[in-house]
Amino acid sequence: MQQDPHPFLNPDFQVRWSQLKPECVKPDITLAMEQAARNIKSICSQPLDRLTYESTFGALEQATDALNLGWGRLMHLDSVMDNPAQREAIADMLPEVSRFSASIPLNPALWNVLKKAAECPWVEQLSPTKKRFIEETLADFRESGADLPEEDKNRFAEIQAELTQLTKKFAENVLDSTNAWELIVTDEAELAGLPDSAREAARLDALSKGHGTEESPAWRFTQQFTSMSPVLQFAESDKLRRRLWEGSTTIGTGEYDNSRLIDRILRLRQEKVAMLGFNTFADYTTSRRMAGSGDNALNFINHLHDEVKPCFIQDMSELLAYRNAKTGEQADKLSPWETSYWAEKRRQELYAFNEEDLRPYYSVDKVMQGMFAIYSLLYGIKVIQKPTVCLEGRERTPEEQDAVEVWHPEVLFYEIRDTETGEHLGSFYADWHPRDSKRGGAWMNCLSYGLPPMDGQPRIPHLGLMIGNMTKPVGDKPALLAHREVETIFHEFGHLLHQLLSDVEVKSLSGTNVAWDFVELPSQINENWCWEKESVNMYASHYQSGEDIPDELFAKMRAARNYMSATAFMRQLTFGKLDLELHVHTDRYLGRNIEEVDDEILSDYRVPMTAKGNSVARRLTHIFADPTGYAAGYYSYKWAEVLEADAFSRFLKEGVLNKQTGRDFRRCILSKGNSKPAAELYRDFMGRDPDAEALLIKSGIHQA
């Protein structure tokens, strides 16, 4: 295949991943910035008495298309295929891209044109969606410094550029410190209690890294969740669990210390929003979200904390008493490497339920197929898998001519079509297993935005992706997932459907481009279909026998659902509380030791333990790996849980596989993007405002 002269900017729907090489980054991104600059100059130079929507706001939305396309592909590769040459290329271009992006709303000529256009009589003749786009664009510009005095704009741009670099470094430190830690076990006796699947995965991982042999095996453990979680939950060796936990305290420390980055990021965020007239960074981020202010978001977290705390204290007291009874000791505190282990032991005893009993029913391929069937039924869509090929520097064979190119051999590709019209609504990649070159966690992203049919033009499909770090296949077995991993797949597919089923005429308002505390509703509501037998039977079958999950096992799973739910609830509140305190009361914490700050903020959100690790802030990429990201927004997970618990009550009432209810959710929520305020969209589906009590009842904190 001939090398494309500018592969990062190639507009083809199917991306030629093998051509996206580090040496192409600088010429391609530079060209894209030059094109964007010309486009913006054209907007600025037009006569002010001839302005139209198409020549102003419409043109602005398209002005940076090539740059967004190329940079988006590069940032995606950075998260799934990290390598030194690519990292160097990104570091070289990142300051320039950051400066250019920050300069757009700081351009006085452009801002003048947009303000003049917004005052034109023709605005009243536009569709409601285009009117909203104008309002949102003006607000975006103001929040990006457009109204700042000229003498302040340079400083504002400098802050933006530095934040981009610092947050990128934070993410790299987390990835590098995660990869720098490993534990090699050579005595199999240390692995007592560990599930066979986790044990075999560790053995194969060790072999792949040159540790042990088939005759004399070794087992490799890392700080990847799928490696350490089974150890903390099941390993009988207190020493082994402790070593894994101590490994987690190295993330974002030492050579990869993130504490100074955190302080600098907080200072810059506060300086930035003060220039815009906001008291706090949290007020800035929430001003156009459902919460409305940093104080409202913090009050929301504090209220939930007060409701949950008694149950949380009871959870932990009962767990300590159980541990002491089983060991014959009289410890007054648990150790952090003990909690998951004794919680699992107690759950098995109370409910005769072991999560590992579910794994044989959750092969990743069947989970995906069944999940597609559920939402095809509900939303009137069809999901079709396409053949894929990873070229890795080679040419296609004749048999591969129609295959979709992917960035790694494990990546899958699908397209979604409307069952009534047959229209191609969107396509997506799926990449499920951990690699050293891939950051941890799970996420969804959009590579290119589609449009509904307009002005005689056919529909343009969306292109997205969903990524995870799930259990790998072991030997000749398929990848068998834990229940929480199944929930993660459903969660990310919810985000993906929010984008791919979007039917909004303005790309910038489509899909997941909604208020941050609304964006998790379509993802979190999906997790409910992992708990209803009618839907679970559509994807859960034994990988060998094909049998459904036995009713008895399912009943045990349901009975154990809210076991120690207050503890899990409090854990999420912990992240939200730390995040909001740092961004509402920033001045209290600047220049201080991050562990001291962590203790002060979260003293009422934890119980005393025998050991304390480093602050979770050191590795909290949601908050510090992006100039904004989930900063002052982690509360939105719980906010959206309130929305989804309440919204799913309609499905429970009308049928979890009720087609009409599903179509209404697609029509009112999934298809609308940000074309209307989030509160209106919610009322369109439910006919009322959300009821927070639904989540406390669902979690077992309150009784129905």
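Asn83 caps the N-terminal end of helix α4 in this predicted model. One of its side-chain oxygens lies 3.3 Å from the backbone nitrogen of Ala85.

From this cap, follow the helix itself. α4 covers residues 84–103, 20 residues in total. Its first and last C-alphas are 29 Å apart, close to the 28 Å expected at 1.5 Å a residue. Still, α4 bends by about 40° at Met93. A proline, Pro95, follows within four residues. Both Met93 and Pro95 are buried. Other buried residues of α4 include Gln86, Ile90, Val97 and Phe100. What covers them? The cover of α4's buried residues includes α1 (22–44), α3 (65–80) and α7 (150–180).

α11 runs over residues 259–275 and has 17 residues. It reaches 25 Å between its first and last C-alphas, close to the expected 24 Å. After α11 comes Gly277, with a positive phi near 95°.

In soluble globular proteins, nonpolar side chains tend to be buried together. Here the largest nonpolar core has 139 residues. Its largest share, eleven residues, comes from helix α13 (residues 294–327). Tyr362 and Trp529 have the most contacts inside this core. Among the residues that Tyr362 touches are Val367, Leu481, His483, Tyr539 and Met557. Another core, of 58 residues, lies apart from the largest one. Leu20, Ile29, Trp71 and Val80 are among its members.

Technical notes:
Residues numbered from 1 in each chain as written. Predicted model: local features only at pLDDT ≥ 70, side-chain atom pairs only at ≥ 80, totals over all residues. Heavy atoms only, no water. Helix = DSSP H or I, 4+ residues; strand = E, 2+ residues; numbered from the N terminus. Expected span 1.5 Å × (residues − 1). Bend = angle between axes of the 7 residues up to and from the residue. Buried < 20%, exposed > 50% of the residue type's maximum accessible area, 1.4 Å probe, protein only. Contact = heavy atoms within 4.5 Å. Polar contact = N/O pair within 3.5 Å; in protein donor to acceptor, adjacent residues only side chain to side chain. Core = buried A, V, L, I, M, F, W, Y, C linked by side-chain atoms within 4.5 Å. Lists of a residue's contacts leave out its neighbours within four places in sequence.
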